[in-house]
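Subject: Structure for you to look through

Hello,

Here is the structure I promised to pass on, with the sequence beside it.

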Amino acid sequence: MRIAHIADTHLGYRQYNLEERENDIYDAFCEAIEIALNERAEVLILAGDTFDSATPPVKALHVFKEALRKIDGRMKVLTVLGDHDMPRRRGMPPHKLFDVIVLGVHGIECTEIKGILFGGISNLKGKYSNALRSEIKKFERIASKYRKSVLIAHQAVERFLPFEGAYELSNDDLPKNVDYYAFGHVHSRQNIRINDGIFAYAGSTEIMRKDEISSWKKHGKGFYLVDLDGDEPILHTINLNIRPQFEEEVEEDALNDLKIPDGGGKPPILHLTVGGKHINRKKVIEDVEKMLRGKVLTYKIAFKERGISSSALTEAVRGGSEGVLLEIFKSFLGEELAELALSLHRKLSTGNIEDAIKNAEAFFNEHFKCGASENAQEKQQKLAANEARERNEVGKKKKRERKGKKRGEQKGVREVFKMWW
């Protein structure tokens with residue numbers, strides 16, 4: 001028997017809020033289904049996060065429906081729910097709109113296909129981790145009665161995410177008597193031998209996050225075709241034709257030397273880091289826009305500004321090195337404010353607060369036109385005072401009205417009481 005192990009397709013995800021990226025994710029899924037059919041896979045495993053949410057957009061549902069129409073019974077479809085498409089409060093998952101088997105929503109569930117046992121459990125975490133481990137142990141007992149077995153799950157395993165709180169299953173929690181562990185959740189495609197079987201993360205079918213770029217370069221994006229006919233599973237790595245994403249780092253003064261990677265038919269996505277000292281960010285953004293227009297789908301710019309370290313700043317202040325201090329102030333404040341900062345430093349370091357205030361006032365009056373004429377200032381002050389008095393009178397009037405209304409209500413109550421008593 002040949003199975004297609006696909007995971008983390010995230011149908012409906014719109015990366016960078018671009019319609020093109022949403023369509024890219026649909027295209028990768030459709031290509032994977034087409035290849036699985038052409039390779040005559042008999043079982044299609046969707047190991048969780050088929051949809052990016054439990055309430056996917058209509059287009060995602062339509063794409064899934066069309067894929068099932070193409071399959072048309074040529075492959076048996078088995079799915080489990082991931083943390084993304086698991087509905088809250090025991091709601092109905094989007095898979096229920098279609099005639100597909102969703103395994104393990106409330107515990108381990110099994111089905112037999114041509115003498116091979118397939119067991120599945122949907123994503124469980126947090127307070128349900130103990131239940132998850134207990135349910136998986138049940139599969140070990142059931143699988144012992146079969147010649148071959150496959151476990152489908154969407155969980156993090158310690159060996160692959162060895163960080164406290166990041167995984168639900170330790171290596172020892174994985175059951176024995178399993179020939180193939182078809183897992184989802186980790187987006188990097190990988191496989192190792194565990195117990196007497198092969199454990200595999202199929203990985204995501206597209207680059208869903210920037211931190212997946214390095215693993216995509218090494219291992220590609222796609223899925224596994226698994227041949228179960230022999231004594232042990234044989235894995236075939238299938239790579240999909242996805243839109244490339246690249247990370248590039250360049251110095252500001254070498255920006256013109258930036259080489260735009262070839263997208264291989266699809267305009268790529270570029271993550272660009274520009275380094276330097278006193279970076280003119282506005283100019284860099286304008287230059288990059290001109291360079292990349294029409295050559296990439298989109299790009300993201302980050303800046304790596306290099307200045308003097310905090311330890312050097314402390315030493316410069318302590319040592320009174322005005323030349324170094326001026327350079328530091330320039331790197332953070334620019335030319336004009338750097339001179340002011342150095343002037344204030346001279347005054348304040350000797351306790352001359354009055355002169356420091358005068359210097360600051362003179363600077364702001366000169367550069368920000370704060371020096372209005374005496375008459376204009378007086379007019380503004382009088383206008384502000386009049387507005388304040390008017391607001392005060394309005395407030396007092398409203399307060400008197402509220403008090404009068406309250407006294408009237410109290411008087412009415414007293415009159416009612418008099419009538420009764």
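Where is the place of His95? The model is a predicted one, and in it His95 sits in the loop between E3 and E4. With a relative accessible area of 0%, His95 is buried, because buried means under 20% on this scale. If its neighbours within four places in sequence are left aside, His95 is in contact with Thr50, Phe51, Thr79, Leu81, Asp85, Val100 and Val102. The strands concerned, E3 (residues 76–80) and E4, run parallel and are joined by two bridges.

These strands belong to an open sheet of six strands, whose order is E4-E3-E2-E1-E11-E12 and whose pairing is mixed. Strand E4 (101–102) and strand E12 (234–239) stand at the edges, and each has a single partner strand, so one side of each is left without a neighbour in the sheet.

Another loop to look at is the one between strand E2 (43–47) and helix H2 (58–71), where you will find Asp52. Asp52 and Leu11 are 41 residues apart along the chain, yet their C-alpha atoms are separated by 5.5 Å. Not counting residues up to four places away in sequence, Asp52 touches His10, Leu11, Gly12, Tyr13 and His84.

In soluble globular proteins, nonpolar side chains tend to be buried together. Here the largest nonpolar core has 48 residues, and those with the most contacts inside it are Leu11, Phe29, Ile33, Leu44, Phe64, Ile71 and Phe223. Helix H1 (residues 19–38) gives the largest share of this core, namely eight residues. Apart from this core lies another, of 22 residues, among them Met1, Leu78, Ile116 and Phe118. As for Ile33, this residue touches Ile6, Leu44, Ala67 and Ile71, again not counting residues up to four places away in sequence.

Next, please turn to strand E10 (residues 197–201). Is this strand enclosed by the rest of the structure, or is it left open? Five of its five residues are buried, so E10 is largely enclosed by the rest of the structure. In a regular strand the side chains alternate between the two faces of the sheet. In E10 both faces are covered, with Gly197, Phe199 and Tyr201 buried on one side and Ile198 and Ala200 buried on the other.

E10 pairs with strand E8 (residues 180–184), which runs parallel to it and is joined to it by four bridges; in this pair, Ala182 has Ala200 of E10 as its bridge partner. E10 also pairs with strand E9 (residues 190–194), in the antiparallel sense and over five bridges, and there Gln190 stands opposite Tyr201. The hairpin of E9 and E10 has two residues between the strands, and in this hairpin Asn195 takes a positive phi near 55°.

Leu348, Ile353 and Ile357 make a nonpolar surface patch of about 280 Å². Ile357 has its place in helix H9 (residues 353–367), and its relative accessible area of 41% makes it partly exposed, because that term covers values between 20% and 50%.

With best wishes

Terms used. Residues numbered from 1 in each chain as written. Predicted model: local features only at pLDDT ≥ 70, side-chain atom pairs only at ≥ 80, totals over all residues. Heavy atoms only, no water. Pairing = 2+ DSSP bridges. Buried < 20%, exposed > 50% of the residue type's maximum accessible area, 1.4 Å probe, protein only. Patch = residues over 30% accessible without salt bridge, like charges linked within 9 Å, V, L, I, M, F, W, Y side chains within 5 Å. Areas by Shrake-Rupley, 256 points an atom, 1.4 Å probe, with all protein chains shown as cover. Salt bridge = Lys/Arg side-chain N within 4 Å of Asp/Glu carboxyl O. Core = buried A, V, L, I, M, F, W, Y, C linked by side-chain atoms within 4.5 Å. Contact = heavy atoms within 4.5 Å.
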